Amino acid sequence: MTHWSRWLEGGRPHAAIALAALAAVGAALVTQHGFGMLPCAWCVLQRMIFVVIALVALPAAAVAALRRPLAALTALLATGGAAAALWQHFVAASSTSCKLTLADRIIAASGLDALLPSVFAPWASCADAAVRLLGLPYEAWSLALFIVIAAVAVAALLRGRR
C-alpha cells in the first residue's frame, strides 16, 4: 500500500479539503481587510463556494457512510468554483460592473451579503478587483485550489469504491 493510498483512507482527505477551503477564505479576508484588496462579486461567489465545500467536507470527515456521496458533491462544487474562477479571469475581469451578473444574483439571493457584509459583500467592480498576488492573478490561486480540491475528492471517491 502506497503512502497516498493510506492517506486517502478514512476521513483525512475530507478534513484536509475542509481546512484548505477555510484557509482560502481566511487568506481572502486577510488580503481584503489587511491589504485593501476589495472583492468583486465573482471573488465573493468563490468564497461562498469554498465555505460550502468546507461544510460538505466536514461531515464526510466524521461519518464514514457519508464519504462517497459527499466526495462526489465536493468534486462538483470544486468544478463549479473552477468555472467561476475561469469566468472571472476571462470575462468578468475586463468588466467595469458586476451588477446583475450570475455571481451578483447568487450572492443577493443567499442573503449572506447583508448578514455578513465584511465577508460576503462585493466591494469592487470586476475590473477594479483584477489584482495580482505574488505575480499571478488572484483568481488563478483560487482556480488552483479548486482543482486540487476536486482531485483529492475524486481520489477519495475512487478509493472508497475499492
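Which residues lie nearest the centre of the largest pocket? Keep that in mind while setting up the view. This is a predicted model, where local features need pLDDT of at least 70 and side-chain atom pairs count only at pLDDT 80 or more, while totals for chains, interfaces and linings use all residues. Residues are numbered from 1 along each chain as its sequence is written, and side-chain values use heavy atoms, with hydrogens and water left out.

**Stop 1: the pocket**

Select A24, A28, Y138, W141 and S142. They lie nearest the centre of the largest pocket, which 22 residues line. A pocket here is an open set of points on a 1 Å grid over the protein atoms alone, where a 1.4 Å probe fits, with protein on both sides within 12 Å along at least five of seven lines; lining residues have an atom within 4 Å of a point. The space inside is about 360 Å³, a volume filled by probe spheres set on the grid points.

Now colour helix 2, helix 3 and helix 8 (138-161). Each gives two or more residues to the lining. Helix 2 has the largest share, six residues. Helices are DSSP runs (H or I, at least four residues), numbered from the N terminus. By class, the lining has 16 nonpolar, four polar and two charged residues. Ala, Val, Leu, Ile, Met, Phe, Trp, Tyr, Cys and Pro count as nonpolar, Asp, Glu, Lys and Arg as charged, and the others, Gly among them, as polar.

**Stop 2: helix 2 against helix 3**

Select residues 12-35 and 41-62. These are helix 2 and helix 3, packed at about 155° with axes 7 Å apart. Axes are lines fitted to C-alpha atoms over the stretch in contact, and angles run from 0 to 180 degrees between N-to-C directions. The angle makes helix 2 roughly antiparallel to helix 3 (over 145 degrees). Their contact (heavy atoms within 4.5 Å) includes A24 and A28 of helix 2 and F50 and A54 of helix 3. It has 17 nonpolar, two polar and one charged residues.

**Stop 3: helix 3 against helix 4**

Among the contact residues are W42 and I49 of helix 3, and L70 and W87 of helix 4. This contact has 18 nonpolar, five polar and one charged residues.

**Stop 4: helix 3 against helix 5**

Finish with residues 102-110, helix 5. Helix 3 packs on helix 5 at about 55°, with axes 8 Å apart. Show W42 and M48 of helix 3 with D104 and I107 of helix 5, which are among the contact residues. The classes are nine nonpolar, one polar and one charged.

Note on methods. Angles under 35 degrees count as roughly parallel, over 145 as roughly antiparallel, 65 to 115 as roughly perpendicular and the rest as oblique.
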